[in-house]
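Please look over the sequence and the model shown here before reading on.

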Amino acid sequence: MRKRTSMSTSTLTAAAVGLSLAAFGLGTAVPAAAAPAPSSYSGYTGSPAEAKANQAFFRAVLKSVAEKRAAHPGSAAAVTVTYDASGAPTFSAQIARSAEIWNSSVSNVKLQSGSSGADFSYREGNDSRGSYASTDGHGGGYVFLDYAQNKEYDSTRVTAHETGHVLGLPDHYEGPCSELMSGGGPGTSCTNSQPDANERARVDQLWANGFAAALDKALSDKALHKS
């Protein structure tokens, strides 16, 4: 969660639409670029590399969930995304709270803790880039939580923001504190950890339309492998 710069609501929607369309292709995931951020994170405005990594992360999670659903058809209507929090024990409370926040905010996707067959994981440590969501280059996604940044900013907001990338939302750095995906843009005094109405609606849309397309592809691939 580097400090974010703002776009208008229409720009956010356009960016999210582009992300949704990209998800349909389920392209190859790429690891995050190691671009250093300022030590305070308060002047960071994002980069194309970071946006690309966020999109790759979402595609990796979407693909993982779709492949599991294809292997076990007839599941519940809501899609379940499983996360492994064992790699970030310092932030176990914030991770659990972030899952609660998103699960109470959206209907078409639910986050569930579980170490076996997880769709993504959380990690912790020190990184000059701050906290971020990325892929491991092998089809798996992870959220990295930086110690220093989680002391400077509200830790639940940081974690919920990065989890928003799991669900497909792009950064919106210049947004107000009321937007979760504005991240550190509003400053360290912002402690809001709740997505706003537009963010909630966008996630539900992504996990209805985007997931349906991903599932169709997974089912097609499964049928092809059987033939």
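## F120 and its surroundings

In this predicted model, F120 is in contact with F57, V61, V81, T82, Y83, D84, L111, G141, V143 and V166, once its neighbours within four places in sequence are left aside. Which residues touch the most other members of the largest nonpolar core? F120 is one of them, together with V81, W102 and W207, in a core that has 33 residues.

## The largest nonpolar core

Several parts of the chain supply two or more residues each to this core: among the helices these are helix 2 (48–71), helix 3 (92–105), helix 5 (155–166) and helix 6 (197–226), while the strands concerned are strand 1 (79–84), strand 2 (109–113), strand 3 (120–125) and strand 5 (141–146). The element that gives the most is helix 2, with five residues.

## The chain as a whole

The chain holds six helices and five strands, and when it is read along the sequence these follow the pattern α-α-β-α-β-β-β-β-α-α-α. It has 227 residues, of which 50% count as buried, and its accessible surface comes to about 9400 Å², with 53% of that surface belonging to carbon and sulfur atoms.

Contacts can also be sorted by how far apart the partners lie in sequence. Among the contacts in the chain with a separation of 6 or more, 71% are accounted for by residues 24 or more positions apart.

Apart from its neighbours within four places in sequence, G87 is in contact with Y122, R123 and E124. G87 and Y142 are 55 residues apart in sequence, and the distance between them in space is 9.9 Å, taken from C-alpha to C-alpha.

## Confidence in the model

The mean pLDDT of the chain is 76, and 67% of its residues reach 70 or more. Among the elements, helix 3 has the highest mean pLDDT (98), whereas helix 1 (residues 9–25) has the lowest (32).

Over residues 4–43 the pLDDT is below 50, although this stretch has 99 contacts in the model beyond near neighbours in sequence. Where pLDDT is low, the predicted coordinates should not be read in detail.

Notes: Residues numbered from 1 in each chain as written. Predicted model: local features only at pLDDT ≥ 70, side-chain atom pairs only at ≥ 80, totals over all residues. Heavy atoms only, no water. Helix = DSSP H or I, 4+ residues; strand = E, 2+ residues; numbered from the N terminus. Buried < 20%, exposed > 50% of the residue type's maximum accessible area, 1.4 Å probe, protein only. Contact = heavy atoms within 4.5 Å. Areas by Shrake-Rupley, 256 points an atom, 1.4 Å probe, with all protein chains shown as cover. Core = buried A, V, L, I, M, F, W, Y, C linked by side-chain atoms within 4.5 Å. pLDDT = per-residue confidence, 0-100.
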